[in-house]
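Please look over the sequence and the structure shown below. The paragraphs after them go through the model part by part.

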Amino acid sequence: MEKEIIEKYRKAGCILYEAQVYAKKMLKPNANLFECAEKIEEFIVKKGAKPAFPVNLSINENAAHQTPDWNEKTMLNEEDVLKVDIGVHVDGYIADGAFTITYADKHRKLIEACEEALKKAFDMLPKDPTFGEIGKTIEETIAAYGFKVVQNLSGHGLARYIQHAPPSIPNIAKNDSRRFEEGHAYAIEPFATTGDGYVRESGKANIFALEEPRAVRNSYARRILAFVEEHYKTLPFAERWLVRELKLSEFALKIGIKNLLREKCIKAYPILHDKPGSFVSQAENSFIKSEKGIVKLVGPCAELAKK
Ligand code: CO
């Protein structure tokens with residue numbers, strides 16, 4: 001991997017870490033989640049990078065792909081388990097990182113389980129583990145805390161302008177002998193749950209991404225498509241971003257999105273949830289495997305610069 005590219009990944013990871021610190025300060029009980037998401041994304045831009053996807057603020061049984069709607073008024077509840085998943089890119093090179101917060105002591109262990117699983121997985125990396133060994137460590141660590149792993153969510157590769165690139169890295173013990181390859185970037189992200197250990201798609205989505213641009217007749221759809229191709233490329237975007245950037249009315253937005261989905265120009269990322277009433281936690285960090293070894297991406301900037 002060229003030095004220049006490594007530097008871009010590092011910059012993305014360092015800004016992501018600062019965005020996490022900023023997010024933690026802001027996400028207090030009664031915080032307005034719409035405002036928090038917008039402010040975190042704004043922070044990333046001010047630091048000289050861009051969000052690689054809309055800030056995901058997934059609550060309780062929702063494991064991923066929940067971001068506030070453009071007209072949403074949801075506040076953070078003291079009893080909530082909130083997953084904060086942030087992506088930052090510099091010139092398309094992405095760092096992906098997540099943590100979980102709660103203000104309820106009863107949920108502390110659930111969060112600790114995930115953090116410990118992620119830490120153990122990262123500790124293994126210099127020893128060149130197989131994906132199966134990573135999954136086994138994650139699953140066993142979370143099980144030792146008395147929780148289930150979400151089986152159908154996994155870590156992933158990171159490619160330029162592609163947030164979820166192959167391979168998928170299991171969070172469960174599997175007979176998977178693949179190993180991390182030099183010159184590539186990856187994200188590891190365990191999820192622990194009090195539910196079934198299996199997420200399903202809800203009927204609701206407000207995150208989308210370009211699939212295949214083609215000529216569309218509807219004028220709202222055309223405007224959205226042109227904007228997405230230019231500004232987000234193949235990276236996911238939120239409905240609220242379009243409302244803000246294109247000053248679209250609710251009507252125009254709905255018609256445009258509907259058209260683009262029907263024509264398969266864009267795809268939707270529905271909210272992924274475990275069973276109602278359950279709680280899910282998440283922890284995530286990214287790394288690149290360079291000739292010199294493992295370079296963790298999300299961390300204090302000064303610490304990252306030393307390596
Ligand atoms: Co990820």
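Which residue in strand 16 is the bridge partner of A187? The bridge partner is S286. Before going further, note that this is a predicted model, in which local features need pLDDT of at least 70 and side-chain atom pairs count only at pLDDT 80 or more, while totals for chains, interfaces and linings use all residues. Residues are numbered from 1 along each chain as its sequence is written, and side-chain values use heavy atoms, with hydrogens and water left out.

Strands here are DSSP runs of E with at least two residues, helices are runs of H or I with at least four, and both are numbered from the N terminus. Strand 8 runs antiparallel to strand 16, and five bridges join them. Strand 8 is also joined to strand 6 by three bridges, again antiparallel. Two strands count as paired if DSSP finds at least two bridges between them. In general, strands of a sheet pair through backbone hydrogen bonds, either parallel or antiparallel. Buried means under 20% relative accessible area, exposed means over 50%, and partly exposed lies in between (1.4 Å probe, protein chains only).

The cobalt ion is coordinated by H156 through NE2, by D96 through OD, and by E189 and E284 through OE, at 2.1 to 2.3 Å. Donors are N, O and S atoms within 2.8 Å of the metal (3.2 Å for Na, K and Ca); water is not among the atoms, so sites may look incomplete. The angles subtended by the four donor atoms run from 82 to 172°, which makes the arrangement irregular. Along the sequence, the spacing of the donor residues is D-x59-H-x32-E-x94-E. H156 in strand 6 (residues 155-159) and E284, in the loop between strand 15 (280-282) and strand 16 (285-290), link distant parts of the chain, 128 residues apart. H156 and E284 are both buried.

Strand 16 also holds S290. With 8% relative accessibility, S290 counts as buried. Not counting residues up to four places away in sequence, S290 touches I6, E182 and V295, where contact means heavy atoms within 4.5 Å.

What order do the strands of the open three-stranded sheet have? The order is 12-11-13, with antiparallel pairing. Strand 12 (237-238) and strand 13 (266-268) are at the edges with a single partner strand each, so one side of each has no neighbour in the sheet. Strand 11 (residues 207-210) pairs with strand 12 over two bridges, and F208 has F237 of strand 12 as its bridge partner.

Two helices remain. Helix 3 (residues 108-124) has 17 residues and reaches 25 Å from its first C-alpha to its last, close to the expected 24 Å, which is 1.5 Å times one less than the number of residues. Its buried residues include L110, C114, A117 and A121. The buried residues of helix 3 fall within an arc of 165° seen down the axis, so they line one face of the helix; the arc is that of the directions from the helix axis to the C-beta atoms. In helix 1 (residues 3-26) lies K11, which is partly exposed at a relative accessible area of 38%. Leaving aside neighbours within four places in sequence, K11 is in contact with K47, G48 and V90.

Note on methods. Four donors count as tetrahedral if all angles lie between 85 and 135 degrees; four count as square planar and six as octahedral if opposite donors are over 155 degrees apart and all others between 65 and 115; anything else is irregular.
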